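This briefing walks through one structure by topic.

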Amino acid sequence: MGSVPVLVVASDDRWFRVLEVTLRLGGFDATRCRSIAEAAQQRGPRRSPRAIVLDLAAEAGAVDEVGIERLAAGATVPVVVILSAPRDALRETLAAAGARVLLRPYAPSALYAALTPAGA
């Protein structure tokens, strides 16, 4: 069985490497995107990621809520957003758009579960 392709949007190199290793250990293959727009472009008929992970833990300021909402709403695969602080209003907005939200620190098993499509 091969690894499961996952797009990862991460602005921080260090956290991308941590996610990449964690995902590899869970049977996933991470492809890095530098932005939400790049992830949306890579999600086409020729490339079919099985999930999208947005690591917003390094984002201290404004977050592109609209971009994330569009990505989650148009996704046919799980969209997982990782936050470093509770930010309840943002969490609620993203969850309402269909994203699965994790708060750092999280167990790898919680990430793997969030990456699994509903009903699988």
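Arg104 and Asp55 are both buried. Their side chains meet in a salt bridge, with N and O 3.0 Å apart. The pair links distant parts of the chain, 49 residues apart. The model is a predicted one.

**Salt bridges**

- The count of salt bridges comes to three.
- Arg104 lies in the loop between strand 5 (100-103) and helix 5 (108-115), while Asp55 belongs to strand 3.
- Which residue forms a salt bridge with Arg32? Asp13 does, and the closest N and O atoms are 2.7 Å apart.
- That pair also links distant parts of the chain: Asp13 sits in helix 1 and Arg32 in strand 2, 19 residues apart.
- Asp13 meets Arg34 as well, in a salt bridge of 3.5 Å from N to O.
- Here the link runs from helix 1, which holds Asp13, to the loop between strand 2 and helix 2 (36-42), which holds Arg34. The two residues are 21 apart in the chain.
- Shared partners join Asp13, Arg32 and Arg34 into one network of salt bridges.
- Buried or exposed: what is Arg34? Arg34 is exposed, because its relative accessible area is 53% and the exposed class begins over 50%.
- Asp13 has a relative accessible area of 38%, so it counts as partly exposed.

**Strand 1 and its neighbours**

- Strand 1 covers residues 4-10, and six of its seven residues are buried. Strand 1 is therefore largely enclosed by the rest of the structure.
- Strand 2 (residues 28-33) runs parallel to strand 1, and six bridges join the two.
- Within this pairing, Val9 has Cys33 of strand 2 as its bridge partner.
- Strand 3 (residues 51-55) also pairs with strand 1 in the parallel sense, over five bridges.
- Which residue of strand 3 stands opposite Val8? The residue is Val53.
- A right-handed β-α-β unit is made by strand 1, helix 1 (residues 13-25) and strand 2.

**Phe16 in helix 1**

- Helix 1 is the place of Phe16.
- The relative accessible area of Phe16 is 8%, so this residue is buried; the buried class lies under 20%.
- Leaving aside residues up to four places away in sequence, Phe16 touches Val8, Ala10, Ala30 and Arg32.
- Phe16 and Ala30 are 14 residues apart in sequence. In space their C-alpha atoms are 9.0 Å apart.

**Nonpolar cores**

- In soluble globular proteins, nonpolar side chains tend to be buried together.
- How many residues make up the largest nonpolar core? It has 22 residues.
- Ile52, Leu54, Ile68, Val79, Val81 and Leu94 touch the most other members of this core.
- At least two core residues come from each of strand 1, helix 2, strand 3, helix 3 (65-73), strand 4 (79-83) and helix 4 (88-96).

**Helix 3**

- Gly67, Ile68, Leu71 and Ala72 are the buried residues of helix 3.
- Seen down the axis of helix 3, these buried residues fall within an arc of 130°, so they line one face of the helix.
- An α-helix has 3.6 residues a turn, so residues three or four places apart point the same way.
- Arg70 and Ala73 are exposed on the other side of helix 3.
- What do the buried residues of helix 3 pack against? They pack against helix 2, strand 3, strand 4 and helix 4.

**Helix 5**

- In helix 5, the buried residues are Leu111, Ala114 and Leu115.
- They line one face of helix 5, because they fall within an arc of 100° when seen down its axis.
- The cover over the buried residues of helix 5 includes helix 1, strand 2, strand 3, strand 4 and strand 5.

Technical notes
Residues are numbered from 1 along each chain as its sequence is written. This is a predicted model: local features need pLDDT of at least 70, side-chain atom pairs count only at pLDDT 80 or more; totals for chains, interfaces and linings use all residues. Side-chain values use heavy atoms; hydrogens and water are left out. Buried means under 20% relative accessible area, exposed over 50%, partly exposed in between (1.4 Å probe, protein chains only). Helices (H or I, at least four residues) and strands (E, at least two) are DSSP runs, numbered from the N terminus. Two strands pair if DSSP finds at least two bridges between them. A crossover is right-handed if, with the strands pointing away from the viewer, the path from the first strand over the helix to the second runs clockwise. A salt bridge is a side-chain nitrogen of Lys or Arg within 4 Å of a carboxyl oxygen of Asp or Glu. A nonpolar core is a set of buried Ala, Val, Leu, Ile, Met, Phe, Trp, Tyr and Cys residues joined through side-chain atoms within 4.5 Å. Contact means heavy atoms within 4.5 Å. The arc is that of the directions from the helix axis to the C-beta atoms.
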